[in-house]
Amino acid sequence: MSRADATKARILRAATDEFATYGIAGARVDRIAKTAAANKNLIYVYFCSKDQLFDAVFDAHVTHGLDSVPFTPGDLPGYAGQLFDYCRRNPEVIRLATWHRLERGDLAFAAPARDAKLDALAAAQKQDGIGSVFSPTTLLTLVLSIALAWNPSNVTSIPASSSEAESADDRRRAIVEAVRRLL
């Protein structure tokens with residue numbers, strides 16, 4: 001790895017934490033540079049602007065990251081469980097997606113992957129009748145909502161009381177079972 005590549009990687013790591021914590025508007029390039037032990041000007045050389053740096057971080061973690069969870073329309077409970085696992089291992093993904101939606105409001109980035117999932121789901125519904133009481137859009141929305149129910153950015157998520165003490169495995173089992181029953 002060249003020095004330039006190593007510096008870019010440090011900048012992307014620092015920017016990931018900064019954007020996940022503060023969003024686009026609240027992120028500070030000087031903090032990113034300090035955390036990355038990089039010259040602030042290099043950020044602009046490599047990424048042109050703070051917005052383009054956010055786009056690079058978003059693409060690396062959200063777009064490519066979520067694409068790494070295989071969509072299985074024939075096994076939506078399994079997909080929901082894998083999505084829960086991925087987001088639990090990578091909490092910055094949901095925070096970055098939330099900031100993107102709050103500050104940019106544009107969900108066009110998700111359209112190709114979303115449309116492919118909807119097409120695959122419609123085909124599975126037609127072939128196997130799974131979840132056919134719902135439209136593909138409604139079914140996918142419900143599955144995603146269930147899979148991400150315990151996400152920290154979900155304002156409807158109720159923390160377990162000390163007497164309940166649910167583990168992540170308990171929550172994963174509940175997600176898989178809820179999607180199974182939904183179908």
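This is a predicted model: local features need pLDDT of at least 70, side-chain atom pairs count only at pLDDT 80 or more; totals for chains, interfaces and linings use all residues.

Residues are numbered from 1 along each chain as its sequence is written, and side-chain values use heavy atoms, with hydrogens and water left out.

**Helix pairs**

Two packed helices are described by the angle between their axes and the distance between the axes. Helices here are DSSP runs (H or I, at least four residues), numbered from the N terminus. Axes are lines fitted to C-alpha atoms over the stretch in contact, and angles run from 0 to 180 degrees between N-to-C directions.

| Pair | Angle | Axis distance |
|---|---|---|
| α3 and α4 | about 70° | 9 Å apart |
| α4 and α6 | roughly 130° | within 10 Å |
| α5 and α9 | about 150° | 8 Å apart |

Start with α3 (residues 40-47) and α4 (residues 50-67), at an angle of about 70°. That angle makes α3 roughly perpendicular to α4 (65 to 115 degrees; under 35 counts as roughly parallel, over 145 as roughly antiparallel and the rest as oblique). The crossing of α3 and α4 is left-handed, a term for a near helix turned anticlockwise from the far one by less than a right angle, with clockwise being right-handed. Ile43, Tyr44 and Phe47 of α3 touch Lys50, Gln52, Leu53 and Ala56 of α4, where contact means heavy atoms within 4.5 Å. This α3 and α4 contact has five nonpolar, one polar and one charged residues (Ala, Val, Leu, Ile, Met, Phe, Trp, Tyr, Cys and Pro count as nonpolar, Asp, Glu, Lys and Arg as charged, and the others, Gly among them, as polar).

Next, α4 and α6 cross at roughly 130°, which makes α4 oblique to α6. Here too α4 passes in a left-handed crossing. Residues of α4 including Phe54, Phe58 and His61 meet residues of α6 including Leu96 and His100.

Finally, α5 and α9 pack at about 150°, so α5 is roughly antiparallel to α9. Their crossing is right-handed. The α5 and α9 contact holds eight nonpolar, two polar and five charged residues.

**The second largest pocket**

How much space lies in the second largest pocket? About 180 Å³. A pocket is an open set of points on a 1 Å grid over the protein atoms alone where a 1.4 Å probe fits, with protein on both sides within 12 Å along at least five of seven lines; lining residues have an atom within 4 Å of a point. Among the 13 lining residues, Phe84, Arg88, Trp150, Asn151 and Pro152 are the closest to the centre of this pocket. Helix α5 gives the largest share of the lining, three residues.

Notes:
Helices (H or I, at least four residues) and strands (E, at least two) are DSSP runs, numbered from the N terminus. Grid points are joined across faces, edges and corners, and a volume is the space filled by probe spheres set on the points.
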